[in-house]
Amino acid sequence: MELSLGVKVLLLVTCTLFSMLVAIGAGWLSHKPGARKRDGVLVGGCTFGSSLTLCLLVLTSLGVL
């Protein structure tokens, strides 16, 4: 499947936004009352990186990117 560059960029932006939403949810769920905020940010950052990698890996293996 050969997609244009604009569609590929749109898919990349969509994957990034989806990963941001997942990271925000993971950071929010991992935060405990009285705990440091940087622990929640660390969990969110790791979740962002892993979910973005997973999204791009799936799209690449399907031949979209």
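Helices (H or I, at least four residues) and strands (E, at least two) are DSSP runs, numbered from the N terminus. By this definition the protein has two helices and zero strands. Its radius of gyration, taken over C-alpha atoms, is 15 Å. Along the principal axes, the C-alpha atoms fill a box of roughly 50 × 20 × 15 Å.

The model is predicted: local features need pLDDT of at least 70, side-chain atom pairs count only at pLDDT 80 or more, and totals for chains, interfaces and linings use all residues. Residues are numbered from 1 along each chain as its sequence is written, and side-chain values use heavy atoms, with hydrogens and water left out.

An unreviewed UniProt entry places the feature "transmembrane region" at residues 6-29 and 41-64. UniProt positions follow the numbering used here, feature names are shortened, and annotations may be inferred rather than shown by experiment. Residues 6-29 are 100% helix and 0% strand, with end C-alpha atoms 35 Å apart. Residues 41-64 are 88% helix and 0% strand. Their end C-alpha atoms lie 31 Å apart.

Of the 65 residues, 20% count as buried. Buried means under 20% relative accessible area, exposed over 50%, and partly exposed in between (1.4 Å probe, protein chains only). Val-9 lies in helix 1 (residues 5-30). At 43% relative accessibility, Val-9 is partly exposed. Together with Leu-5, Val-13, Leu-17 and Met-20, Val-9 makes a nonpolar surface patch of about 470 Å². Patches are made of residues with over 30% relative accessible area and no salt bridge; like charges are joined within 9 Å, nonpolar side chains (Val, Leu, Ile, Met, Phe, Trp, Tyr) within 5 Å. Accessible areas come from the Shrake-Rupley method with a 1.4 Å probe; for residues, only the protein chains shown count as cover.

The structure holds one salt bridge, defined as a side-chain nitrogen of Lys or Arg within 4 Å of a carboxyl oxygen of Asp or Glu. Arg-36 pairs with Asp-39, and the closest N and O atoms are 3.8 Å apart. Arg-36 is partly exposed at 49%. Asp-39 is partly exposed at 35%.

There are zero disulfides (pairs of cysteine sulfur atoms within 2.5 Å). Cys-15 is buried at 8% relative accessible area. The cysteine sulfur closest to that of Cys-15 is in Cys-55, 4.6 Å away and too far for a bond. For Cys-46, the closest cysteine sulfur is also in Cys-55, at 16 Å, too far for a bond.

Note on methods:
The radius of gyration is taken over C-alpha atoms; the globule rule is 2.2 Å times the number of residues to the power 0.38.
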